[in-house]
Amino acid sequence: MEILLAIIIGVLYAAAIYMMMSRSIVKLIIGLALLGHASNLLIFNMGPLVRGRPPLIHEGAEVPIPPFADPLPQALILTAIVIGLGAIAFAIVLVRSVYQQVGTDDIDELRTTER
Amino acid sequence: MVLIISGIGTLIFIYAGGYLQGDPRIGRFYVMILIFMAAMLGVVLADSLLLLFVFWELTSISSFLLIGFNHESEQSRRSAQQALLVTGSGGLALLAGLILLATAGGSWQISVLLHQQTAVTTSPLYLPALILILLGAFTKSAQFPFHFWLPNAMAAPTPVSAYLHSATMVKAGVYLLARLHPVLGGTGEWFYGLVIVGGITAVLGGYLSWWQTDLKRIMAYSTVSALGVLVLLLGIGTKIAVEAAMLFLLVHSLYKGGLFMAAGAIDHETGTRNVRRLAGLARQMPFVFVGITLASLSMAGIPPLLGFIGKELIYEATLEPETAVWQLLLTALALLTNIFLVAASGVIVIKPFLGQPNEDTVQPHHPAGLSLWLGPLLLGLLSLGLGLFSNSTLVAKWLLQPAATAVYGHDLVLKLGLWHGLTPMLLLSGVTIAAGAGVWWLHERWRQGVMAVDAALAPRLGPEALYDRGFDGLLRLADWLTVRVQDGFLRHYLLWIVGTTVVLVGTALLRGKTAVMPSQDLIPGPNEILLTLVILGAAWMVVQADSRLAAVAGLGVIGYSMALIFILYGAPDLAMTQFSVETLTVILFVLVLYKLPTFETKDSTPTRLRNVVVSLLVGAMMTGLVLAANAIPASTHVTDFYSENSYVLAKGHNIVNVILVDFRGLDTMVEITVLSVAAVGVYALIHTRKQQQETAVEERRSES
Amino acid sequence: MARSTILVTATRILLPLMLLFAFYIFVRGHNDPGGGFIGGLIVATAFSLYGIAHGMGAARKLLRLHSRTLIGIGLLCVITSGFLAPLVVGDLPFLTALWGTAVWPAIGKLSTPLLFDTGVFLGVVGVTSMIIFTLAEEG
Amino acid sequence: MTIPTKMLILLPILLSFLAAIINILAWNHRRWQRIVTLVATTLNLLVALRIFMVVYGQGPQAVQASNWPAPFGITIVADLFSAIMVVITALMGLTVAIYALADITPQREALGYHPLYHTLLMGIYGSFLTGDIFNLYVWFEVMLISSFVLIGLGGDRGQLEGSFKYVTINLISSAIFLAAAGLTYGVTGTLNMADLRGALAQVPGGFATTLGMMFLLAFGIKAGLFPLYGWLPAAYHTPPAAISAIFAGMLTKVGVYALIRVFTLLFVQEVAYTHSLILMAAAGLTMVIGVFGAATRSEFRRILSFHIISQIGYMIMGLAIFSPLALAGAIFYIIHHIIVKTNLFLVSGVVNWMQGSYDLKKLGGLYKTNPGLGVLFLIPALSLAGIPPLSGFWAKFVLVRAGLEAGDYAIVAAALFVSVLTLYSMMKIWQFVFWQKAPEGVVERGHGEGENGRFFRLLPIIILATCTIIIGLYAGFFFDVAQQAANQLLDPTQYLNVVLQR
């Protein structure tokens, strides 16, 4: 499954980059969202995969019973997801403002200040 | 040198008071001149190479500000910039050279370096250091092919020209060469470098000065020529040559300072500096006339002025080298230079002061004031006096001998005098004066022709033209490159970044020869394979989507599938979060997206093909990275600590939550801040728009 | 916006239920899957649903506090929980966990991590409601 | 009052955080927000100086947040390099805050300028002080998202275009950073940077270098290295001067700081490849291409923006040469550059305020009307061009010397060549804005606003110009500090001991 997951990660990155390089502003944002997914999955794959055993300590026990999933990548991803949500939310609204100002979703039009 | 700087500086101060009378900017002028004077004194007095360089650059900057003093004139600004760039570039070369020199000699103190000649000249760093230092000195002292900035610098007010661009700043390069002569001199490289450059500069400067019409340009070119002579003499580097150089330094400072101030006085009183339009000034400006005549005679080397003694010594020096070829060549160079200078001094004095006024000429408004004629007169008289009493102890022992000793590096005794008997030098002096007079006579007849030739050649082959074209070319290249790299297309910036990533990371990955087989691999079950297929399908759907909704739906499917993966592999917290965040994201997309237009495929097929290739490369690289990382066993000490202590010490059963709120609580604190800022950002963006609409409405209302 | 009666009625019942659920998820977070972040999201979702049914203005009124204030209070809880140990006990680093001894019903022992998580909870409610309200009102 | 070290090191972060919170709560009370901003930035300067004194006197200091020992918790650590950066940040924070009193419009203040300014500073402080690679990511994010909002705040079309590019590219950088941090955890099992130093040495097959390249890209984008800098000239000239000034001074330098940190502490396995080849090439190209842009643009702030890029090259040059002297040069350069660059952006703001444009062709004559401003421009401008005895000269001098000593002649030649063009482009601004006659139709503005606006605008510029001169005159002391900081970077034994409590 690690190999499959690695392939999924690769595909997600590829899709993200492809979307970001298009001229459409909306596609770019979707690409950014995909990029976030890909990164999260990458981190998730950094701990050894364990099926169905969350890192919880049962009532009465002092330590979890192995094997259990690596908790640290999970915590990192949680942080990353939340940060990603903030970034994406802002980016979406920014895209809308840009669109309202410029009146097109063509990114190539966004170069009036760089001439 | 100190004497020259302060002495002439004082005169310039008095003089400038008259020259810039009534100009509101005179305060500014004095400040800048004072800064320059301090810097120049610093150059001369510093014992540390570094300190010397600091002051050296300061002189360049103050020179820049002074040349551009009349800053509303395009010409002034251009000249100022040119001078700064030429001397500034030289300064940077000098900096590198000095660092190399200090490394080779093991010290930054000039006084220490003076004893390190052998160590320095045999060091492998010697040649680069020498070349770089020479570049610095040559640019500053306006040596060929960098001489062109000096005549252009005449756009500065005349006091500045007199002070910086003849007496002091331009001598800094010569001073530096003289100072470092005991360390760097005595080698073939030194000799050829200085003699060739100095020789060309001397002759070229003399030649160019002779047919100019602008008084100040005449003087500027003759300054160039004099600087060439100085460099030439230092290149010869024998005892006599050094003596000659020191004497000539003094001579030149005296007469050139006087000439400039006189020219300024003329300019100030008549409004022109064109010798063709001046005549018969002797009567209107008698004191200036006396001063300028004395100075010119000194420049021409007519006895009994100091210039004559200088000239004699120069000839003596050029006759010194061992081989006859060099004797001949150097003497010829000196002779030619001096002939031109004689002619130039004729041009300066005879026509403007003694010629008959005609309808073309300009009359002075009123006689020059005291402050304007005092300087030239004093300096002229000084040339005369020092010449007459040249064998006195004052001149020889106190002024020149220590200087020459310091440069030569050994003690020497200096004897000067007007009369040495019938020597080859006297003969040469005679030839010089005679030929000079002849050349001056030719001046009137040849001027037209010379100017025509020059006008044809200079724009194409002159060093200034080359400089201009070189610099323009550089700027054009820079512009081309900038527009190419920074073209305003976000996609191109992305392409640069993604391309660099693939190249750098990919190369490193391949270089490293990391094994790309995970150390463990769970056999995927049917539901896992199905999930994989769903994600891949959704990714395809996103990439291929023609409508926004399909793309967003695909994105959502990927997000929810990820939540499923998280559930499958023991991450319920993650799954819950992913699920709710994905929902929120999709809502946001839908809320916002229905206002945006539908996709239109605008990319051409080749572009899309390129994007596909790049994306696939990135994807392959990332897969490779993940597999490689999975193949490397990692230590588990950190995560072990969490599971062992989560309950015992941190009192929580859910290890992930304990990490979030306790072990790595700081991360969460910042994370929630990020989220808050994003919310503020959304609010700000939306309200920005509202504000703008309100102002637009108000404006419309106020218009109607 | 035309409001469906079903939605209006449903949300009236749903809202307290969802709030209760959110509180439950939030409190149990330290020991079971859950926590301040998810709890906060559920609350925000509940209020947005309410807003869709009754209008955003009504939802805002129901929330009482301005979302911005909620964010501020949340962050204040977070930083306070960090400062408690160094200021009250002294010579401890920022964010060191302190635990009370008394066991409270439903929430267990009072502690600075709990205060911290409360801050996250409030912050998330503030953030999400702010985003949704702003966008919905503008659109 | 003595503050225990455990608290002291975190205080710059926490004070900014607190100020941000108060400003959120006091959203509609502009007066209070301004007071809070000034008080917090002033206090932070004092705190920063105190941190510097402690670290300078007693060596690196660390505190384990949440009281979990490293590498399990998150360590906040200040070595001399960090302490220097914190002091500079605090200085910029205060001066720009003063400038902003006059420059930021009430509309922008109503949209949250004040809290955002503090979260931005908080992110910068955090980035300089953290000893944990994932925590560094988080700090980067708070800094970034604050900058996203600030750059787009109250914006017109140009500002939105600029911020759109800025946001997109920086999000890519974040994604690369996140992936790199994840992979690092994957192969080492730890995130604490001190712990990582030992762990990365164990990673087989050159994978550490691969990770190094990823961090190079992530930080290189933020720092504005060639060819990753596209966002910078696209965005920095769009927001109000106060905002672009703090961005220009600080944000790229956070990237440079991170590069120096990871390429001295973590990725020193293959110096011949990573430093002498890749970083060196990046440094040279960045320098040259950046200054090409500066020499050919004709918009005040765009010229300055390209100069940032060019000068990042100098800093990276110090890192690439990788000798104690070179690193000291790089640190000295950063100190000098932040002050000078911030100041130049502020000056450009004043010029814009007076004549209503940033376009060189629409400006002029200021030397005649405002010679004082001319001097205030010349000090940082000449310093930037490396004219002695101002700060920039010493920075350049040390780097050139280090390069010559290490035998890297090509990069030295590039550095010297770049300085000529730097001088040229600074003089270009000088000639257009100050020397040339004001073009037709230029009206002097800004006098009607009252002396307050003038005072708040000029005071920071004067303070920063004074700093430039002081650094130039007491270069010996500053260089000594930079040298010590560089030594701590190259031999991190003290750093490792204090973090890992050995």
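**Figure 1. Overall fold of chain C in the predicted model.** Of the 139 residues in chain C, 55% are buried, that is, they have under 20% relative accessible area, where exposed means over 50% and partly exposed lies in between (1.4 Å probe, protein chains only). This is a predicted model, in which local features need pLDDT of at least 70, side-chain atom pairs count only at pLDDT 80 or more, and totals for chains, interfaces and linings use all residues. Residues are numbered from 1 along each chain as its sequence is written, chains are lettered from A and ligands numbered from 1 in the order in which they are written, and side-chain values use heavy atoms, with hydrogens and water left out. Chain C contains 5 helices and 2 strands, which are DSSP runs numbered from the N terminus (helices H or I, at least four residues; strands E, at least two). Their order along the sequence is α-α-α-α-β-β-α. Along the principal axes, the C-alpha atoms of chain C fill a box of roughly 60 × 30 × 20 Å. Contacts (heavy atoms within 4.5 Å) that join residues at least 24 apart make up 60% of those in chain C between residues at least 6 apart in sequence.

Figure 2. The mean pLDDT of chain C is 84, and 96% of the residues score at least 70; pLDDT is the predictor's confidence in each residue, from 0 to 100. The loop between α4 and β1 of chain C holds C:L95. C:L95 has a positive phi, near 75°, in a residue other than glycine. The residue is buried, with a relative accessible area of 6%.

**Figure 3. The interface of chain D and chain B.** Chain D places 109 residues in contact with 92 residues of chain B. About 8600 Å² is buried between chain D and chain B, and carbon and sulfur atoms give 76% of this area; buried area is the accessible area (1.4 Å probe) that two parts lose on being put together, summed over both. D:W68, D:F72 and D:W435 supply 10% of the area that chain D buries against chain B, more than any other three residues. Across this interface, 3 salt bridges are found, each being a side-chain nitrogen of Lys or Arg within 4 Å of a carboxyl oxygen of Asp or Glu. A salt bridge joins the side chains of D:R297 and B:D479, at 2.5 Å from N to O. There are also 14 residue pairs in polar contact across the interface of chain D and chain B (both at pLDDT 80 or more). A polar contact is a pair of N or O atoms within 3.5 Å; within protein, one must be able to donate a hydrogen and the other to accept it, and residues adjacent in sequence count only if both atoms are side-chain atoms. On the side of chain D that touches chain B, 73 residues are nonpolar, 24 polar and 12 charged. Here Ala, Val, Leu, Ile, Met, Phe, Trp, Tyr, Cys and Pro count as nonpolar, Asp, Glu, Lys and Arg as charged, and the others, Gly among them, as polar.

**Figure 4. The interface of chain C and chain A.** In this view, 7 residues of chain C are in contact with 5 residues of chain A. The area buried between chain C and chain A is about 560 Å², with 73% from carbon and sulfur atoms. Helix α5 (residues 112-138) of chain C gives the most to the side of chain C that touches chain A, with 3 residues. That side of chain C divides into 4 nonpolar, 1 polar and 2 charged residues.

**Figure 5. Surroundings of D:Q61.** D:Q61 belongs to strand β1 (residues 61-65) of chain D and is buried, with a relative accessible area of 13%. A polar atom of the D:Q61 side chain lies 3.2 Å from the backbone oxygen of D:G59. Not counting residues up to four places away in sequence, D:Q61 touches several residues, among them D:T5, D:I9, D:I76 and D:V498.

**Figure 6. Cis peptide bonds in chain A and chain D.** The peptide bond from A:P66 to A:P67 is cis, with omega near -5°. A:P67 lies in the loop between α2 (25-44) and α3 (71-102) of chain A. D:F226 and D:P227 are also joined by a cis peptide bond, with omega about -5°. D:P227 occupies the loop between α10 (207-223) and α11 (231-235) of chain D.
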